Amino acid sequence: MIESTSLTAIIVGAGHAAGELATSLRDQGWQGRIVLIGEELHLPYHRPPLSKAYLCGAVTAQSLLIKPRATYDKANVEIISGVRVTRIDRDASLVHLADGRTAHYDRLILATGGRPRPLPIPRIEQAEASGNFHYLRTLADVDRIRQQFEPGLRLVIVGGGYIGLEVAAVAVERGLKVTVLEALPRVLARVTAPELSAFYEARHRQAGVVIRTDTQVRDVQLDPSGDAVCAVLCADGSSVAADLVVVGIGLLPNVELAVEAGLEVENGILVDAFGQTSDPRIHAAGDCTNHPNPLLGRRLRLESVPNALEQARCVAATLCGKPKAHASIPWFWSDQYALKLKMVGLSQGYDQLVIRGTPQDDSFCAFYLKEGVILAADTVNRPPEFMLAKRFIAERIKVDAARLADDTRPLKDLLPVT
């Protein structure tokens, strides 16, 4: 364990990984300074509810805080909010801030997260400068969107992934006229099987959402003032009238600081199992990292809160002289209407899909198998089976597909007898 009180750890970022790192470092025995530098004015907060409970007004901004200010104060964490880190000087062990200040580090942790992928259209600059074209990543983004959530307004959502569909569910329940434009042949195409895509498309259409797949956006049309988008123009020549637009087409990792500092970057900041970058004094955690996963046998970059938290804890322990390798099965969740979707594992490469339960009852599981081993599972309104699926995947338990599909038999009965 590091005993010196003269060392300074600087955390760049203020998301899930950063907030967890700050207090975990102290809990693990870090004796020196801990400084957290965030570009937003807020303390680290939960982002998943932004497109769900916060968007619909069910929770407050204060309730989204990952930890209250008192927790950071008790851990003696210094917080610098509302300022961006512009450069890392590795030779001098300094970070440069946008307001002209510099800060010295002995250990630096990059938890810079990501930003929305911009819509690749000719008039993107004009669209982004308008008052009714939105991305959804921050509290401020959602505050602006909520101000325009008025019944009867025409909302066009570009992107049929989790963010887009979650926004659609909230908006249509608020009385907006919602159209989702998805470039691929089905919604959720990158993350789930066609059967799940069809299920969610049907639920959204039943709620009144118009879903157009295989629809490329080629540009937007501005109103005569030039201050607002009035239509989204599609590659097939059609246009969709809009009072407001929300774009959710993915995330770009914030790696610019790392690139400029000369760290190794490839679809994220390259780190080892302990979160160490190509500079032994610089670590990274969260959505911005490309890390090895021994349970999956490959490198990957995950946009996942559980992954960010676990990585942060591993980095904190490692920096305090208690090396802890990061190794966990990825999991995710999405709330749409009364459907609580929980996913565990990664389904790429599956050769068999097994449906357990009845989708028409809004309670079922989809298991992705390869050679009889469960790679991943999507569970809808089935929390107990989600927890069991985690174990099946982590332990690579081989199952009989017919028995797995038999919903009259408890899933736990398929576990091997010990």
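Mentor: Let us begin with a term: a salt bridge is a side-chain nitrogen of Lys or Arg within 4 Å of a carboxyl oxygen of Asp or Glu. Please keep in mind that the model is a predicted one.

Trainee: Why is the pair Asp 362 and Arg 203 called a salt bridge?

Mentor: The closest N and O atoms of Asp 362 and Arg 203 are 2.6 Å apart. The cut-off is 4 Å, so the pair qualifies as a salt bridge. In general, side chains of opposite charge can pair when their charged atoms come close.

Trainee: What makes Arg 154 and Asp 243 a salt bridge?

Mentor: Their side chains meet at 3.0 Å, N to O. That value lies within 4 Å, and the pair therefore meets the definition. The two residues belong to distant parts of the chain, 89 residues apart: Arg 154 is in strand E10 (residues 154–158), while Asp 243 is in the loop between strand E15 (239–241) and strand E16 (244–247). The structure holds 25 salt bridges.

Trainee: Into which domains is the chain divided?

Mentor: Domain 1 covers 8–115 + 252–320, domain 2 covers 123–249, and domain 3 covers 338–414. The centres of domain 2 and domain 3, taken over C-alpha atoms, are separated by 31 Å.

Trainee: How do you know that domain 2 and domain 3 are in contact?

Mentor: Contact requires heavy atoms within 4.5 Å, and 11 residues from domain 2 and 15 residues from domain 3 take part in it. Between them the two domains bury about 940 Å², with 64% of it on carbon and sulfur atoms. Of the area that domain 2 buries against domain 3, Leu 196, Phe 199 and Tyr 200 supply 46%, more than any other three residues.

Trainee: How many salt bridges and polar contacts are counted between domain 2 and domain 3?

Mentor: The count is one salt bridge, together with five residue pairs in polar contact. On the side of domain 2 that touches domain 3, helix H6 (residues 194–207) gives the largest share, six residues. By class, that side has seven nonpolar, one polar and three charged residues.

Trainee: What does UniProt list for residues 331–415?

Mentor: An unreviewed UniProt entry lists "domain: Reductase C-terminal" there. Over residues 331–415 the chain is 20% helix and 42% strand.

Notes: Residues are numbered from 1 along each chain as its sequence is written. This is a predicted model: local features need pLDDT of at least 70, side-chain atom pairs count only at pLDDT 80 or more; totals for chains, interfaces and linings use all residues. Side-chain values use heavy atoms; hydrogens and water are left out. Domain bounds come from an automatic or database domain assignment. Buried area is the accessible area (1.4 Å probe) that two parts lose on being put together, summed over both. A polar contact is a pair of N or O atoms within 3.5 Å; within protein, one must be able to donate a hydrogen and the other to accept it, and residues adjacent in sequence count only if both atoms are side-chain atoms. Helices (H or I, at least four residues) and strands (E, at least two) are DSSP runs, numbered from the N terminus. Ala, Val, Leu, Ile, Met, Phe, Trp, Tyr, Cys and Pro count as nonpolar, Asp, Glu, Lys and Arg as charged, and the others, Gly among them, as polar. UniProt positions are given in the numbering used here, feature names are shortened, and annotations may be inferred rather than shown by experiment.
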